[in-house]
Amino acid sequence: MRKLFLKIISVLGLMRLWRYAMRKRVIILYLHGVMDQGVSSTWVPLRPQYSRKQLDQALSLLSRHYRFISIDTARQIIAGEIAAIDNSMVLTFDDGYLNNWKHAAPILRKYGVPAVFYVATGNIEKREPFWVDRLDYAIQAAVDSDKEIVVNGQTITLKADSRESLTRSFKAMRDLAKTGTRGDEEMRDEIDQLIGSLESESGSSLKDVFEGDDWAGVMAWSDVQAAANDEMISVGSHTVDHVRLGEVRDDRASSELSVSKSVIESKTGVECQHFCYPNGSYNQRTPAIARQHGYRSAVTVEAGLNKVGSDPMTLRRIHLPDTEDELQILYVASGLSDAIDGIRKALSRRRKG
Ligand SMILES: [Zn+2]
């Protein structure tokens with residue numbers, strides 16, 4: 001007990017030091033969907049979801065230690081246009097889920113926390129679910145006994161003896177589809193076919209329940225328009241078709257960047273200045289292409305904090321941890337967890353080298 005107490009005290013001390021040393025940096029947090037069981041009874045995704053209760057708790061906690069600012073203010077600080085605000089934090093949501101607007105926005109308003117919604121315009125336009133959600137639904141509907149499947153040239157067995165097995169199968173299939181050096185189009189074609197065959201086996205598809213679905217539904221243009229005109233929310237682009245820009249030719253990357261921006265602007269009447277790389281994927285040329293199209297910031301999934309002078313087109317972010325442990329939330333959101341991981345990795349490399 002005494003040991004645990006001392007441990008907590010020393011972690012708190014270290015965190016206080018860290019927060020002070022890093023007070024001029026800008027922390028950008030990210031989340032995807034915010035939703036919980038009990039609201040939607042249609043289905044429950046295998047993919048872990050961040051609940052409304054967790055968001056409420058995290059914002060209540062973090063707003064006591066940090067000052068939440070908009071992505072516009074963050075960009076100005078990073079560009080050196082305005083003075084840094086001590087302990088500033090930005091909250092971002094990827095993908096444009098309907099639940100961001102329906103279930104997360106009221107919590108943002110409760111704590112006065114501004115946020116960015118990065119939307120994929122093609123999914124909004126075509127009323128189409130993201131393939132990860134479609135796969136999640138299809139596996140649950142079709143896999144009722146062990147099934148062998150070939151993904152990306154490798155055979156894997158989807159196991160169905162429990163929900164845990166199904167979850168592992170879903171993750172294995174998703175990760176295998178994304179690995180390797182093949183281009184994004186090739187990957188998408190294959191995964192589309194695989195999901196299609198699971199759907200025809202079960203005779204059901206996420207598309208049947210997608211519209212208005214609290215888990216996987218995406219915002220309609222009327223929601224995006226309302227969000228863009230809400231003073232708490234900025235709407236940024238997440239490409240047209242959620243394309244991994246580092247894995248496609250420059251002309252495709254360029255059109256994804258420009259079309260999504262102009263569609264958002266014409267639908268909302270608000271300039272779209274901010275971008276988020278799907279899956280954090282970009283190559284050496286992508287940031288310059290994004291800049292040419294008029295974006296003023298772009299966020300990645302590389303962990304870490306941003307400082308004055310950081311490249312605004314490759315901003316670092318931290319994923320809000322899926323926990324209710326307040327010490328853990330602060331430890332991760334402050335960037336200390338990633339910093340310590342970085343030191344550990346560097347040390348083990350040195351030992352090996
Ligand atoms: Zn995404």
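Which helix gives the largest share of the lining of the second largest cavity? Hold that thought for a moment.

Quick caveats, everyone: this is a predicted model, where local features need pLDDT of at least 70, side-chain atom pairs count only at pLDDT 80 or more, and totals for chains, interfaces and linings use all residues. Numbering runs from 1 along each chain as its sequence is written, and side-chain values use heavy atoms, with hydrogens and water left out.

Okay, the answer: helix 8, residues 184-202, with 3 residues (helices are DSSP runs of H or I, at least four residues, numbered from the N terminus). That cavity holds about 30 Å³ of space. By cavity I mean a set of points on a 1 Å grid over the protein atoms alone where a 1.4 Å probe fits but cannot get out, with lining residues having an atom within 4 Å of a point. Volume is the space filled by probe spheres set on the points, which are joined across faces, edges and corners. Around it sit Trp 131, Asp 184, Met 187, Arg 188, His 242, Arg 244 and Asn 279.

And the largest cavity? Its volume is about 50 Å³, and its lining includes Trp 18, Arg 19 and Tyr 66.

Now over to helix 2 (residues 52-65) and helix 4 (residues 98-111): they pack at about 25°, axes 10 Å apart. Axes here are lines fitted to C-alpha atoms over the stretch in contact, and angles run from 0 to 180 degrees between N-to-C directions. So these two helices are roughly parallel, a label for angles under 35 degrees.

Note on methods
Parallel < 35°, antiparallel > 145°, perpendicular 65-115°, else oblique. 1 Å grid on protein atoms, 1.4 Å probe; cavity = no way out; pocket = protein on both sides within 12 Å on 5 of 7 lines; lining within 4 Å.
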